[in-house]
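Colleague: Please go through the assignments in this model with me. I would like each label set against its cut-off.

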Amino acid sequence: MPSDVDAVQLRGIGKRFPGVIANHDVDVTIRSGTVHALIGENGAGKSTLMKILYGVQRPDDGTITIEGKDVVLKSPTEAIDAGVGMVFQHFMLADNLTVLENMVLGAEKLHGIGDAARTEIRRISDRFGFDLDPDVLVEKLGVAARQRLEIAKVLYRGARIIILDEPTAVLVPQEVEALFVNLRELKDAGNSVLFISHKLDEVLAIADDITVMRRGTTVGTADSHTATKRQLAELMVGSELPSPETEESTVTDTVELSLDGVTLTDEFGRNLLTDLSLKIRRGEVLGIAGVEGNGQSELVETIMGMRIPSAGTIKLGDQDVTHWHTRQLREAGIGYIPEDRHRHGLLLDAPLWENRILGHQTRPPSAKGMWINRKGARQDTERIVADYDVRAPGIDTPARALSGGNQQKLIVGREMSGDPVLLIASHPTRGVDVGAQAAIWDHIKRARRAGLAVLLISADLDELIGLSDTIQVILRGRFVGTFEPSKVTPQDLGTAMTGGEAA
Amino acid sequence: MTSFNPKTIGLALLAPAIAIILSILVTTAVIAAVGSSPGEFWSTMFEMPKPRLRVDIVNQTAMIYIAAVAAAIGFRMGLFNIGLEGQYTIASFAAASFAGAAYLGGFANVAASIIVAMVVGAAWSGIAGILKTTRGVSEVISTIMLNAIAVTLVGYFLNNYGVKEGNTVHTKNLEPGSTLGGFAPFEDRDGEIWALSIIAVLVGVGFWVLLNKTRFGYDLRASGQSESAALASGINPKRMILVSMMLSGAVAGLIWLPALFGGARNYGTSFQVGLGFLGIAVALLGRNRPLGMLFGALLFAFLSVKSNDLTFSTDVSPSIVQITQGVAVLAVVVTYEVVRRWRTRLEQRAVSRELAEAREATA
Amino acid sequence: MSTATATSTKRTIVERLTKSWLYIGLIGIGVVSFVRIVTDTDDLTGAGTIRAAIIATCPILAAALGGLWAERAGVVNIGLEGQMILGTWGAAFFTYHYGPWVGIIGAAILGLVGGLLHAIATVTFGVDHIVSGVAINLIGAGAATYLAEAVFPDYEGGGPRQLNGLEAPTQITIPGVSDLAKDVADRHWFFVSDVASFIQALTTNISSLSLVMFALVVVSAVVLWRTSFGLRLRSCGENPQAAETLGVNVYLYKYIAVLISGALAGIGGGFLALVSSSGFSTGQTGGRGYIGLAAMIFGNWRPGGLLAGALTFGYTDSLRLRDTQSVHALLLLVALGLLAFAAFRAVRKQVRGALVVAVIGVVVMVWFLATDSVPREFTVMTPYITTLFVLALGAQRLRMPAADGKSYRRGSAG
């Protein structure tokens, strides 16, 4: 029952954090009873905007109008009262509580915490086909069920406007389909849905209206019936699509890294990686494409010696390194750009020069025997800061104070130093600005020309196609297809990544 | 940490300064609340201590400082070795028993006893380390338990195998050849600064060198700052936990040795309890930095020793300084946290300002 | 809460309590009774022993409950010891002036002040929970010592380190039941007499404060698990970010939890001063705050479990004051218990765990057979060693609140 009054109007929203402008001049209108998609690249300011609409953060400028009324949302409670509900990308569930407890938390006044609530949960679950048992512990639920629980939580509170932050990132294709069926039912019941994503196929499949964000502001709207992916992509990244130019092959015959039948099992005996084999030669970039959570992190951690494979062998050059420890592998010349630089790549409160030592504790110029070579490390940090254009007040600045792009450039510089033979780059340009992105691409290409073997994991298909010599697609811990970048399109990769027929 | 610009130092001193002012205020308020005179209290406390007390202060500073370093080794690694108390109790007992048995003579006996103390301390803390690395048991809980076990165990051994003398029990006295002469800065009757107080200096310097100059120290600090980053950089976290826990315990084993070889000569009623917890407090107060902890140890020793004067000249009981010490610790951790948050904001702002200027310059 | 909910809630609680407790209790009494008869140590379950055990249990129980409240809201409170010490002083001071019940309230308030300090440091300022707890223990011990020295010497029966002759809370005897139970208990029958002496202890001169303590376990269980207040509080310990996004005022609930935690620890201190002994003395907590923490962990962060932990530790604590023969008999009990546990594990195919437990059980059994007495010190160590074993053998099965001990800052959700 779409009404004439728009569900949500955001006008001129602005939000600044120390050192960053997260949002400025954001305008979004969500028509009542529609699915509205908000798209943009990582770091475009979508999440901040959602937190503002859900009262987690307060805007510095602008107005929020919900169903015709101007509102000031100081907390999630007020957003809930105004009829807004949010499903976070990282689920907001307590594992050790039951479905019922998670559901009624904060909304105990509605139906109590006992049988009345149980009945209401069953009603919602049946109405939308959520299949939720109120008395099961959340830790027993799978990812898709958790997401349905999150949506049910929002409905339980009587929300009419439902925000979904990147809901498909963790789902397999069938689950995405099921989710879309749920969303259409929600829409038919008169709710408005705000769907945040950067996956254009999905957006075109589910949305009625589309708003595009770039660099903290809204840059355009589109009608999903007429828009094409190309148009949307251009809006998302600006007029020109920055994607790395493919260069002439520099692949040699010397195999630097080879995996043979590598299998990794978790504590419950399930396979996280199944029978993976690959070869990377000197001067070759091997790209790994896949939907996040299909074994990429495990693959990297296995090669880096942080996990021990249950079967198979890993060889670096001619040496069997299957059971080597991380430090030995690093000393043998593996550079490692980790997926999450804050957790794995940096000591945030330590100065830059100490971060230069991290992972290189045992090698010059950072170390001399059992001693740390302070002078050497500092000089080399100065070199990295200059060569890799790390914008920082000085090498005594703590890493935390740097922007994401500069932190990443420091890591790239560090991992390229000491002439590595193999570079493992996990999402090397995630969350960095366009300038830093181009610089990092250049560095990887230059190293490749100099004979470096590179394993590149990325969610950015253009990046993979532009940099790689070969692309392997990983799905549920298995390699499911090998592609030549010169002949493949992002669409083909996308199909393979989701388990569709290879084109 | 490395650059000595006045602003950095000012910020670093801000927190302890606020904490000390706070603890002075609270102490004053408590004294006034029970009807005593804060004025008398502070004037007594701030009088120049008599020579005998000055010697005491140095000796106490040394022992508290060793304890603080032991605690700091754990802290810098992100481990909470709350078991210093138990470790130095059992290590002191072991060293005193070994030294009293006089298997060796003279200095060899002293040296061997020091090693015994370190090994026993390390073994005791190693239990907590092994429980953590193999079974995932929190070192906080296990060391609390081990404290109680150590104290009881030592009591058992002392009662069954100790030398009984009147109502008291103690280990065999050291032979005169194994007691170490100290250094008497004043008259003889004012007492000696114990020879083994030198351990405090060695431990302090060793700690600084280890932490800032060696690869091991770097690994230790990195593990303390980010376990995940440490792992990715090739540090073996389990090994680090075990080694640093045992190192902390080994240093803890040294805490009471200056007194043992200086004045006490046996483990018995003269054993000083509570140094472990004081050490933890001082490590927190001094932010686990060698110099900061020295200052903290001196402050705590001064307060403890000087409070003896209170009995003579005021009606304030000496235990008031325990409140002062406790409040100082709590206040310092709170203000450090506040200053840290504030500083992070300042740094982020400074960087963004510089970037903005750079952008304008290039534009 | 609707009436339907209320009745179903009651039913489930009764069901759950009876289910676990009845079986464990029955088997437990049977084994104890068996050991008593085999070793001929009637003192093992004598009414006097059980009475002493209850008195030793209560302070531990109070501290354990205090730990439960704080940790369920995600705050680790090792300041329990300090808050308990403050409670001993508060109880003495207020009982001296206004009688025992005001004294207990005074103990709670002093403990609560300790809790408030902990809450300010950990919740508002995000200081490490352990660090703050250590500081509070220093402050608590210092403050109680100082205040005693400053105040008590002027009181009748007082001195710088103690205050004696305090009035205790009322003792309750249920006439008839008490005598009947005593008759049966004195006959030393298998099983029946053991139950009887338990009843005798519960109905003869039992401190009303003990009953309050046991009632508080039930109250805590109901409040934490059966009310929306309790749900919100627990959600702060499991996932404060989620709680905040659902409109729960995380800081408020953490504050409330830590204040209650401190008050409970304070009451435990009050119990020590008024019931366990007839007066205040400096340092009389003797680490019971820590034992309470151990009992809570032993009980897997659950009210029933921590009650079992507190009873176990209280019982061993009381035995050390009695003759060494009954402690020796206890070895057989422990050995049987361990072997039973080993068998249980073996059935569940946890071979390695079973083996470890069985070996320990056999060692204890050999110890029992080869000696006639156990040094008192070993009884003192029992709670600590037990806790270490429970942690070492069952750390994976223990389930502490997911966000326990992590500091949480407002606005970090999403």
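Modeller: Tyr155(C) has a relative accessible area of 14%, and buried means under 20%, exposed over 50% and partly exposed in between, with a 1.4 Å probe and protein chains only. Tyr155(C) is therefore buried. The model is predicted, so local features need pLDDT of at least 70 and side-chain atom pairs pLDDT 80 or more, while totals for chains, interfaces and linings use all residues. Residues are numbered from 1 along each chain as its sequence is written, chains are lettered from A and ligands numbered from 1 in the order written, and side-chain values use heavy atoms, without hydrogens and water.

Colleague: What makes the aromatic pair of Tyr96(C) and Tyr155(C) stacked?

Modeller: Rings of Phe, Tyr and Trp (its six-membered ring) pair if their centres lie within 6.5 Å; planes under 30 degrees apart are stacked, over 60 edge-to-face, the rest tilted. Here the centres are 4.1 Å apart with 10° between the planes, so both conditions hold. By this rule there are 29 aromatic pairs over all chains.

Colleague: Which parts of chain C does the pair link?

Modeller: Tyr96(C) is in helix H3 (residues 80–98), and Tyr155(C) is in the loop between helix H5 (129–151) and strand E1 (162–164), 59 residues apart. Helices (H or I, at least four residues) and strands (E, at least two) are DSSP runs numbered from the N terminus.

Colleague: How do you know that Asp194(C) forms a salt bridge with Arg36(C)?

Modeller: A salt bridge needs a side-chain nitrogen of Lys or Arg within 4 Å of a carboxyl oxygen of Asp or Glu. The closest N and O atoms are 2.6 Å apart, so the pair qualifies. Asp194(C) lies in helix H7 (residues 192–203) and Arg36(C) in helix H1 (residues 3–39), 158 residues apart.

Colleague: What about Lys182(C) and Asp186(C)?

Modeller: Their side chains meet in a salt bridge at 3.1 Å, N to O. Lys182(C), at 39%, is partly exposed, and Asp186(C), at 44%, is partly exposed. Over all chains there are 36 salt bridges.

Colleague: Why do the buried residues of H15(C) line one face?

Modeller: Gly353(C), Ala354(C), Val357(C), Gly361(C), Val364(C) and Phe368(C) are buried. Seen down the axis, the buried residues fall within an arc of 95°, so they line one face of H15(C); the arc is that of the directions from the helix axis to the C-beta atoms. The face turned away carries exposed residues, including Arg352(C) and Leu369(C).

Colleague: How does the span of helix H15 of chain C compare with the expected one?

Modeller: Helix H15 (residues 351–370) has 20 residues and reaches 28 Å from its first C-alpha to its last, close to the 28 Å expected. The expected span is 1.5 Å times one less than the number of residues.

Colleague: What makes the charged end of Arg287(B) sit over the ring of Tyr336(B)?

Modeller: NZ of Lys or CZ of Arg must be within 6 Å of the ring centre and within 35 degrees of the ring normal. The charged end of Arg287(B) sits over the ring of Tyr336(B), 4.3 Å from its centre. Arg127(A) likewise sits over the ring of Phe128(A), at 4.7 Å.
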